[in-house]
Amino acid sequence: MRRLLAVGVAIAVMAFVRRTSPPAGDMAATLLALGFTLMAAMVAGELLRRFRLPRLTGYLLFGVVVGPYLGNVITEGMARQLQIVNGLATVLIAFIAGLTLNFERIGRRLRGVGTFIATTLGTSMCGLFVLLWFAWRWLPIDPGASGVRQLVMIGLLVTIAVSFSPTMTAAVISETGARGRVAEMVLATVVIADLVALVLFSLLMQVARVALADRTADDVAVLVRLAWEIGGAVAFGALVGALFALYLRYVSREVTFVLLGVCAVLSQVGAAQQLAPLLAAMSAGLVIQNAAVPQGEALKSAIQRGALPVLVVFFVSVGVSLQVQALASIGLVVVLVLAVARLAIIQFGVIAGTNAAGLDPSLRIPVWSGLISQAGITLGFASVLATEFPDWGGRVQTLLIALIAIDELLGPSLFRMGLARAGELDSDAERPLIVVSNREPYLHSFDRQGEIRVAPATGGVAVALDALMRERRGIWIAHADGAADKAVVGPGDKLRVPPDAESYELRRVWVEREQYSAYYGGFANEGLWPLCHLVDVRPKFRTEDWSAYDRVNARFAAVVDEELDGSDPPVFIQDYHLATVAAHLRARRPSVRTALFWHIPWPYPDRLRICPWRREILAGLLANDFLAFQLERDRRNFLLAADEELGASIEADGEAVRWNGRVTTVVDVPIGVDYDRIQAIGADPLVASEQQRLADAFGLRARLVGLGVDRLDYTKGIPERLDALDRVFARRPDLRGVLTFVQIGVPSRSDVAGYRSIADDIERKVADINARYGQPGLPLPIVYHKAPLELPSLVALYRLAQFCIVSSLHDGMNLVAKEFVAAREDEDGVLVLSALTGAAQELGDALIINPYDADSFAEAIVQAVDMLPQERRRRMRSMRRVVAGRNVFSWASDILEGLESLWTRPLQYAARAPQDAPV
Amino acid sequence: MTPVVDLTAGDPLDAQIAHAAGAPPSTRWRRMHRAALGLSATRVPLFLMLAAGALLGPHGAAVLSPSALDALQPLVPVALAGLGILLGIGLDLRSWRDVRMLDAGSLEATVTMLTIAGVYVFAAGSFAADLPLVLGGVLIAVCGGASTSHPASYSQSAAGMRALRLIDLDDIVPVIVGAVAVTIGVARAPLGDTAIALVKGAGVGAALALAGRLLAAETESDGERRVFVIAVLLLVAGAAEYLRVPSLFVGMVAGLVWGATDRGERLTSHARYLQHPILVTLLVIAGARVAPSAAALWLAGLFVLARTVGKFAGGWIASVAFKREIPPIAAVRGLSPGLVGIALALTIERSFPAGTAGGLLVAAVVIGSVVSDLLSLVIEPEELA
């Protein structure tokens with residue numbers, strides 16, 4: 001509704017300025033037309049998406065409706081101005097098409113894809129040629145033509161008829177989020193087919209110039225011109241591509257402008273050769289993508305930034321130029337017959353292609369549906385033909401425009417249906433996933449009566465991954481930690497979970513106790529954990545711990561390998577416990593696709609050198625295809641370490657590392673909380689009674705309640721928090737008996753010495769503060785609860801507190817901070833947050849503290865207590881926007897989509913801007 | 001502390017490709033100073049881009065021939081509207097203290113403008129014979145009233161920070177006076193009609209900004225938001241052209257609305273994304289428009305002299321008027337008119353027929369900006385460090 005209102009405002013403004021001002025020049029009209037087109041087309045696209053139709057169709061329909069042939073909101077003059085953008089867009093599309101074809105990614109499928117394309121194109125062209133030969137006399141082109149003249153005309157028409165629309169294809173794939181063989185096959189086919197069509201068209205145009213235009217030319221001159229037009233364009237494009245790659249590598253300044261300049265050069269160069277710019281642009285893209293991969297990736301970023309508005313205007317402009325009256329002038333029946341014949345013959349070609357390439361016959365219909373659309377390149381061919389041969393070329397153009405109008409309006413919708421039929425749409429497909437973690441999502445144990453009880457994991461990440469697995473299905477592989485775990489598994493150590501709605505399998509991995517202790521308690525938690533956190537705890541590295549760690553990782557890899565069997569689902573590995581799983585797995589199964597999320601900070605290189613097995617850890621992580629960290633800082637530290645320790649090559653955009661013949665994409669994807677679930681819990685009327693229960697249980701009678709929720713871990717800064725509270729009670733006697741701070745401490749890793757001592761320290765400090773500032777009959781200063789709470793209880797507690805303190809000495813993210821914000825639907829409450837957490841990077845409206853500076857920490861607590869409601873609301877409202885906009889599902893989907901789209905990404909990105917809903 | 005994006009850093013993509021590391025400053029810092037939006041004069045790029053424009057322009061290699069410049073003409077109102085939006089966003093008035101700083105900045109700019117206009121009327125009127133004396137004085141004063149700081153010299157001191165804020169806020173008066181002067185002087189409209197035109201322009205800018213906000217509120221897609229920002233930019237520029245009101249002014253009103261209503265930065269962050277193309281476009285075109293002449297050099301010399309005196313005097317008066325909240329030499333930070341001055345010159349130049357006083361004005365302001373930039377390298381008081 002708001003969108004429509006906004007468009008209404010824009011229309012009203014346009015009407016107002018036109019009515020109340022004297023006539024303005026073309027420039028003012030063009031600017032208004034472009035602005036309105038962009039705004040309204042996006043809204044039209046969104047409107048159609050709600051009817052499960054592609055947005056592209058919305059852009060096209062919008063163009064048709066407002067164009068000069070129907071609504072005339074965009075007049076012919078304005079439409080001509082839009083064509084300026086089209087010139088740039090067409091070259092950009094060809095450039096993008098070139099950037100799409102990475103032969104390394106196609107890899108072993110290249111031969112099959114090549115056979116399919118060659119057979120499909122060959123069969124389709126032969127079929128169309130035969131059809132047009134026999135139907136020639138009825139076509140409104142040049143019924144009297146015969147012999148060579150007829151051959152050449154039909155050849156050109158056939159070439160144009162089998163050209164496709166890479167941009168449209170990519171945009172539909174991107175919009176629907178389709179993943180799978182059909183999407184990949186269609187994308188590769190349309191790009192390569194258009195490359196072939198470009199070369200063929202150039203060739204036939206040369207022949208046509210000699211044969212049809214009565215031009216005299218000797219054979220040598222024709223060959224030279226042909227060589228220049230095709231070879232020259234390819235060579236020129238390759239040269240531009242190579243120069244651009246060098247520029248990106250060695251200069252890297254003003255890249256956006258240089259890209260636009262390159263497109264302008266490509267579109268202007270060889271104007272006399274007509275189509276050379278498209279061929280040159282495509283070969284430039286091909287060179288960059290295949291000969292200089294890092295530069296290709298950098299360029300992809302540039303296209304990400306700039307292409308969307310250009311492409312929207314392009315599609316609208318295509319719609320504007322679709323002369324619906326052309327259908328009437330040629331005869332609707334003729335056009336429909338030709339359109340149906342084209343589709344039938346292409347379908348026949350697809351059948352032949354799938355047979356020749358030995359592909360699954362079930363792919364035929366879906367792949368065919370992707371070969372219907374025609375747009376920019378086809379229009380370009382038609383336009384060139386009409387310019388060179390105004391007489392019959394003009395009639396061909398009209399016929400083609402009529403055909404394109406039908407193909408363009410049907411194509412995106414049919415392709416979407418084809419993808420749905422192939423089960424490749426996000427909403428329709430089952431895309432099983434393998435999650436690997438140390439901790440299991442459901443733990444079985446015996447109660448006092450010897451009955452088996454099941455308990456879900458309570459952590460935010462575990463809950464989110466569980467929700468993801470419910471949707472995606474597949475297998476979760478985790479260490480079996482429950483006493484009754486063995487009793488409930490079936491064959492293959494598996495069981496179906498969740499217990500209330502079985503939707504995926506949990507595969508439990510058994511590890512011998514001593515080995516587990518050395519792997520988990522030893523290397524992971526006495527070595528890696530303190531190594532990665534900047535706290536005063538020395539990491540302990542023992543050879544036997546490392547050996548156990550690597551063996552357990554190998555064991556996990558073996559289990560993943562068993563579960564993969566013949567299938568190819570992505571594998572999502574969790575955290576620092578499993579750093580070398582991917583390396584072991586890849587040794588068994590080189591083509592597996594894996595992603596790993598490193599939940600904790602990554603140390604700077606000097607600190608990493610403490611670890612004797614750092615190179616093995618780095619190598620293990622670089623065996624993944626996709627590696628994600630919480631923060632840019634962690635990612636940067638990792639890249640430095642990969643460079644310094646392994647000599648790995650960091651690609652130009654800093655998003656990928658080349659090492660040992662492989663490429664790993666390295667990104668930062670900050671994790672979020674399950675915002676909607678926390679909202680739902682908060683909205684439950686039972687929360688009020690839970691609040692009452694907790695207030696009774698903890699004896700919360702104070703007017704002010706503060707809260708801290710942490711694992712009992714030395715990185716969480718709990719003693720520092722208690723020191724700050726000590727200062728608060730010392731300086732503000734009026735708060736004694738008025739303020740109670742509730743500290744929830746969840747026991748953790750109590751078999752590790754550092755954790756035991758921190759727990760003892762906290763207990764001592766709490767007792768000391770309560771002894772010094774507690775007053776008989778009044779609420780205690782500190783309430784300390786040493787047990788985990790379920791999320792509903794936590795939400796109740798979050799809403800009970802006036803402020804929440806997170807004072808970690810170093811923390812990858814800290815989800816308690818985000819949970820507190822998510823739970824405060826009342827927009828009240830103050831978050832006191834350590835600057836040393838990852839969350840502080842996002843929650844700038846918290847009271848940011850340094851936990852090492854006790855005085856300023858205490859001041860911040862006082863500020864939280866005294867803060868006016870208006871200020872509290874402003875800060876909380878701002879933080880809630882951040883937390884709502886980055887929930888745990890968007891985190892997971894960013895990583896998984898990043899992993900799954902590695903193969904088809906460049907063109908898809910071109911069709912949609914970063915992290916967004918697509919065209 | 002360095003700004004998140006400034007002209008020195010160039011195209012953000014360059015940094016990405018070159019893997020230029022550096023912790024991003026906080027949002028608050030980004031919003032605190034308009035300079036951090038990349039609008040600051042910078043030592044090398046400003047000069048380089050102006051020089052590149054001059055070299056490529058009709059008086060240089062003629063790659064940007066007069067016809068090519070005509071073809072690029074539609075970009076100018078769009079870039080000016082974009083700059084106006086960035087100026088509006090950068091105002092970011094959050095407290096009474098900010099309002100006081102705005103008052104101080106406006107006072108400083110007014111004194112500077114009066115000084116320049118006075119010097120022009122008495123000494124330079126004959127250089128611009130095509131321009132009415134008083135109008136010419138006002139127009140060149142407008143170009144000199146605004147100022148920008150050097151991102152390379154961001155300050156850690158409180159005095160330095162206040163000085164930065166002061167010169168961040170001294171552009172409003174020149175932009176408004178410029179809009180009035182152009183509308184009156186060029187359209188030869190009576191004051192009442194001028195006021196109506198400006199109110200219309202402001203209303204249109206605000207309405208389009210609100211339309212953008214409505215659209216942004218319903219999407220989580222960065223790509224869509226960016227398209228909406230570009231759409232609003234084009235509509236603002238187109239509407240301003242129709243109304244014959246400077247697009248810089250209409251854009252600034254739109255930016256003010258976004259700055260005030262878009263605390264979640266759903267649009268403003270994307271507006272910033274466009275800053276670099278806007279800067280490069282304006283600087284290169286301004287450079288190409290420079291037609292060197294003795295009159296332009298003399299006028300530039302007087303412009304620099306009058307402006308430098310005016311800035312010192314304005315800064316001192318502002319510091320007296322605002323109880324020494326403002327350091328007396330605060331205006332030193334804004335010795336260069338930088339991009340805003342050049343944008344105002346381009347705004348004025350677009351309103352005059354080619355080859356007349358508008359061209360002279362652009363040449364003088366561009367040359368004066370470069371000289372002022374060099375001057376600001378020399379004069380860097382330690383107390384503002």
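Me: Is Asp723(A) buried or partly exposed?
Reply: We call a residue buried under 20% relative accessible area, exposed over 50%, and partly exposed in between (1.4 Å probe, protein chains only). Asp723(A) has 28% relative accessibility, so the label is partly exposed.

Me: Before we go on, what sort of model is this?
Reply: Residues are numbered from 1 along each chain as its sequence is written, and chains are lettered from A and ligands numbered from 1 in the order in which they are written. Side-chain values use heavy atoms, leaving out hydrogens and water, while local features need pLDDT of at least 70, side-chain atom pairs count only at pLDDT 80 or more, and totals for chains, interfaces and linings use all residues, since the model is predicted.

Me: Which residue forms a salt bridge with Asp723(A)?
Reply: A salt bridge here is a side-chain nitrogen of Lys or Arg within 4 Å of a carboxyl oxygen of Asp or Glu. In this pair the closest N and O atoms are 2.9 Å apart, and the partner of Asp723(A) is Lys765(A).

Me: Where do Asp723(A) and Lys765(A) sit, and how many residues apart are they?
Reply: Helices (H or I, at least four residues) and strands (E, at least two) are DSSP runs, numbered from the N terminus. Asp723(A) is in helix H29 (residues 718-731) of chain A and Lys765(A) in helix H30 (residues 753-773) of chain A, so to speak distant parts of the chain, 42 residues apart.

Me: Which residue forms a salt bridge with Arg589(A)?
Reply: The closest N and O atoms of this pair are 2.9 Å apart, and the partner is Asp561(A). This pair also links distant parts of the chain, with Arg589(A) in the loop between helix H23 (581-588) and E8 of chain A, and Asp561(A) in helix H22 (residues 543-564) of chain A.

Me: In E9(A), which residue is the bridge partner of Phe597(A)?
Reply: Strand E8 (residues 594-598) of chain A pairs with E9(A) in the parallel sense over four bridges. On strand E9 (residues 626-629), Phe626(A) and Ala628(A) point one way, Leu627(A) and Phe629(A) the other, and all are buried. The partner of Phe597(A) is Ala628(A).

Me: And which residue in E12(A) does Ala628(A) stand opposite?
Reply: E9(A) is joined by four bridges to strand E12 (residues 662-668) of chain A, and the two run parallel. Opposite Ala628(A) is Val667(A).

Me: Which helix belongs to the right-handed β-α-β unit with E13(A) and E14(A)?
Reply: Right-handed means that, with the strands pointing away from the viewer, the path from the first strand over the helix to the second runs clockwise. Strand E13 (residues 704-711) and strand E14 (residues 739-746) of chain A run parallel, joined by eight bridges. The helix of the unit is H29(A).

How values were computed
Two strands pair if DSSP finds at least two bridges between them.
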